[in-house]
Amino acid sequence: MAKEIPWKEYFHRGRKSNLSKLTVRAWCLCRTRLLWGWRLHALGSRTVLPRDTFINNPCAVSIGSYVTFGNHLLLADLLCERCESPKIVIGDGCMILHRFQCNAAESVQIGQHVLIASNVFITDSDHVVEPGGVPVTVNRKLVTKPVIIGDNCWIGQNASVLKGVTIGSDSIIGAGSVVTHDVPSCSVVAGNPAEVIKKLSKNSRAVKYIKVH
Ligand SMILES: CC(C)(COP(=O)(O)OP(=O)(O)OC[C@H]1O[C@@H](n2cnc3c(N)ncnc32)[C@H](O)[C@@H]1OP(=O)(O)O)[C@@H](O)C(=O)NCCC(=O)NCCS
């Protein structure tokens, strides 16, 4: 039977290749620590934030260890207030690709080892439009419901996860999906609104798909 390789060892594979790569990585780690380490609620080891990161309220954001990001990262605390506990939590070992945007007014929790493709949008809130009332651009009212994303999920390109959604662990969100309702663990969902199209079976070592319709 093949020997199990701990995930941290996978993370380091291919990164040891040459001195110049190591130097760039060491510089990126230092830059992340200097620019963000003391401002974020928490920042784990070996995590690198891209140069074009925008976080309007760093003390509301907690990022775990060994997290990889693509470019153009936007993490927004919509209320931009002092908070005891972080509103945006990103777990250890996540891989988040380009142009990720996360808006949180209450709470967005992303578990461990979550793979998020490019252009993904996650929000825990909606603006309030009051006909004849305060214009939406200056109306600070929001409807909020926390978002939770379980461990080991894969969120496909251009997907949106909207307020109040809990995605169970080991699930797949199809490209371009708009997730408006909870997703059970080990499910594949797709479409707008996203619906379960398959279930993943954990019974054998090779993952089995079970078609739902
Ligand atoms: C969700 C996904 C993983 C499903 O793959 P799959 O298991 O091979 O699914 P299938 O191709 O068998 O499709 C099953 C059904 O769901 C539909 N479907 C699959 N993906 C869909 C999507 N993203 N949106 C809407 N419908 C989708 C298919 O049209 C098919 O419908 P049908 O049975 O009526 O023909 C895949 O389609 C997907 O979206 N991958 C994301 C790719 C990506 O974002 N990559 C970024 C790299 S990090």
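1. The open sheet. Six strands make up an open sheet, a set of 6 strands in the order β1-β3-β6-β9-β14-β17, and the pairing is parallel. Strands here are DSSP runs of E with at least two residues, numbered from the N terminus, and two strands pair if DSSP finds at least two bridges between them. The edges are β1 (42-43) and β17 (166-167), each of which pairs on one side only.

2. A word on the model. This is a predicted model, in which local features need pLDDT of at least 70 and side-chain atom pairs count only at pLDDT 80 or more, while totals for chains, interfaces and linings use all residues. Residues are numbered from 1 along each chain as its sequence is written.

3. P58. This proline sits in the loop between β2 (53-55) and β3 (61-63). Is P58 buried or exposed? P58 counts as buried because 21 other C-beta atoms lie within 10 Å; the cut-offs are 20 or more for buried, 12 or fewer for exposed and partly exposed in between, with C-beta atoms placed from the backbone. Leaving aside neighbours within four places in sequence, P58 is in contact with W36, R39 and L40, where contact means C-beta atoms, placed from the backbone, within 7 Å. P58 also lies 8.8 Å from A76, C-alpha to C-alpha, with the two 18 residues apart in sequence.

4. Strands around β20. Strand β18 (residues 172-173) pairs with strand β20 (residues 187-190) in the parallel sense over 2 bridges, and I173 has V189 in β20 as its bridge partner. On to the next strand: β20 is joined by 4 bridges to β21 (residues 195-201), and these two run antiparallel. β20 and β21 form a hairpin with 4 residues between them, and G191 in the turn has a positive phi of about 100°.

5. The ligand shell. Which residues are closest to the ligand? They are A117, G156, Q157, G174 and A190, out of 14 residues that surround the ligand; the criterion is a C-beta atom, placed from the backbone, within 6 Å of the molecule. The elements that give two or more residues to this shell are β20 and β21. By type, the shell divides into 7 nonpolar, 6 polar and 1 charged; Ala, Val, Leu, Ile, Met, Phe, Trp, Tyr, Cys and Pro count as nonpolar, Asp, Glu, Lys and Arg as charged, and the others, Gly among them, as polar.

Notes:
Two residues are in contact if their C-beta atoms, placed from the backbone, lie within 7 Å.
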